[in-house]
Amino acid sequence: MEIAFIIEDSLTGLMTGGVYALIAVGIVFVFRATKVFNFAHGTVMMVGAYFYHTITVVLGDLGIGSWAIYVIGLPLALLVSALFGAVIERVVMRPMLGQNPFAMIMVTIGLISVLEGGAAIIWSSNAYYPPALVGLNIDFVGGLAINRQMFASFLIAAIVFATIAALFLKSKAGVAIRATASDQSTAYAMGINVPGVFSITWMVAAGTGALAGILLAPLNSLTPSLGAVGLSVIAVVILGGMDSVIGVLLAAFLVGWLEAMTNHFLGGDFKEIVPYVVVLVIILIRPYGLLGTPDVERV
Amino acid sequence: MLIGDYKSTYAADEAIFRVWPVRFGLAALLVALIVLPFAANSFIVFLATQVAIYTVAITGLNILTGYTGLISLGHGALVGVGAYATAIFANWLGLPFWAAIPVAVVISSAVGLMFGLPSLRIRGLYLTIATLAASFIIIFVIEHWSSVTRGDSGITLAPASVFGVELVSDAQKYALIIPIAILAVLFAQNLFRTRVGRAFIAIRDSDYSAEIIGVDITRYKLLAFALGSAYAGLAGSLWAYNFLALLPTQFELQLSIVLLAALVVGGSARSLGPVFGAVFVILIPEFLKWIFGFLTPLSPTIVEYTAPANTITYGLLIIVFMIFEPMGLAAIWTRFWRYINLWPFSP
């Protein structure tokens, strides 16, 4: 019986890992393209989840049935979040273009406070449970209890992650983003619209972040502090290596699984500290991550 | 008008307080600080003490972030380590304040050093993330090591006592804390005229170049961590003796962000910066409380928005100052006095 529980918890952990990967891809994307490590990604995700919450409440008031959540609610929430990401990029990050990394990091740290406080004022700090995309039922598969919402989250996250990764590698916009990432001035010279690339990456990051937020909110409850998940996902990004999409995916599963195992053996309190211990160990042993390439810096 | 800056000795050229208006201003400030507890009500005295404690903490962050260029998101947690170490040693061993404070300083310094070790291998962003992790781990330990720290229910300690007099009133605590804070700020001011301070600045500006001209980067980065954390510990210790009761949640990430905001707003890599920053972050909540006081009759529930409004203001300050005045209030202050000095001829 004990083993069944461990397997069950492992599955839960791997599924959470899927959502982590979805969050992490936003951080990696923005970092690759703009060289900004976005500490505020978690809070952007939280705001996206609130957009979804508000839209579903409005739809509910209009008396439109639950199908509208999929047809109108979800796409609209993702669109609004993407626009929100573009606005942040344009208003806050664009003026910092060309500044040193110190200033950029400080600005994203400032954003954490602004968005968290803003959410608390607009939506109050009460906990909400926006409607889950899939029912919160528990299914039994061969004696293992599996949370349906979690499984669906995992599937959605995996599909979106794969799509984004494929677009990044194959599409024209993806090539533009990678060109900008490897050399900004040359990208400019080759006629790539670099500020446009920045806008797109922020929109993609905010959109995927919002989706992750929408998947997490019904399980974790939606409060202004949902953004803290984004801080623990930093561990995933570092563990995977900042320039490796596959590395991030593996790291997300690993961190999710480690959290679940800690939860199983030591209890829920210790679970929240796992990502931070992981990140410290990784930074000490292998700062460029599992599959990342070591930084070579020219002076 | 102050035209020319005539000096005839090297000592005069190296002096910290070079011209008479600065010396006069400093003397006036000292007199004001001495008179304050007799002239002002206890709330003002309490706020001034708070400013002093924050000034010490931000000065430590200034050494680490402003001068050495290592962004720390764990400074608030290190203040917590100092505060808890003070409370624990004062409770367990009954140490008097003059022994508990140095012990707390040494302990926070050691903890800071431990989390600074990654800085040997890594720089910039990774280091910020390491300090972020440190912040969460430290708070977790404080919350869960209940047998020592009493966990979530918080810890209390006996007031500091000098020659049998317990320091309980705001004016008494002020008299203990202000002189220590002034000494701490002066020490930091002097540090950046020494070999060590110059090495910190060289590392910030370009660590490879610093290494080439013979700065032992490893040693000086760790020293910066030790010093910055020692200041955090001192601030925590004073914090403990000022409040006499501590909760782990006071030292969470939010405090670290507030300290960073203060540093950016006040002006990093300037000795006056932390002072301005501390005044600013202490006054903002009071100012907002005052404004919300006017708004309450209009809508009684508006008080609920005070805490989020604080959070937003701190964040906005970081962003606005980073975009428009990255050198902070200290730079504005310098420009202002330059303008006055050159007055009829200033542009």
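1. Along its sequence, chain A runs α-α-α-α-β-β-α-α-α-α-α-α-α-α, which comes to 12 helices and two strands. Helices (H or I, at least four residues) and strands (E, at least two) are DSSP runs, numbered from the N terminus.

2. Please keep in mind that this is a predicted model, where local features need pLDDT of at least 70, side-chain atom pairs count only at pLDDT 80 or more, and totals for chains, interfaces and linings use all residues. Residues are numbered from 1 along each chain as its sequence is written, and chains are lettered from A and ligands numbered from 1 in the order in which they are written.

3. The mean pLDDT (the predictor's confidence in each residue, from 0 to 100) of chain A is 81, and 93% of its residues score at least 70. Within chain A, helix α2 (residues 41–61) has the highest confidence, at 87, and strand β1 (residues 138–141) the lowest, at a mean of 67.

4. The C-alpha atoms of chain A fill a box of roughly 60 × 50 × 35 Å along the principal axes. Of its 299 residues, 49% are buried (20 or more other C-beta atoms within 10 Å of the residue's own, C-beta atoms being placed from the backbone).

5. On to the contact between the chains: 34 residues come from chain A and 34 residues from chain B, a contact being two C-beta atoms, placed from the backbone, within 7 Å. On the side of chain A, α4(A) gives the most, with 17 residues.

How values were computed:
A residue is buried if 20 or more other C-beta atoms lie within 10 Å of its own, exposed if 12 or fewer, and partly exposed in between; C-beta atoms are placed from the backbone.
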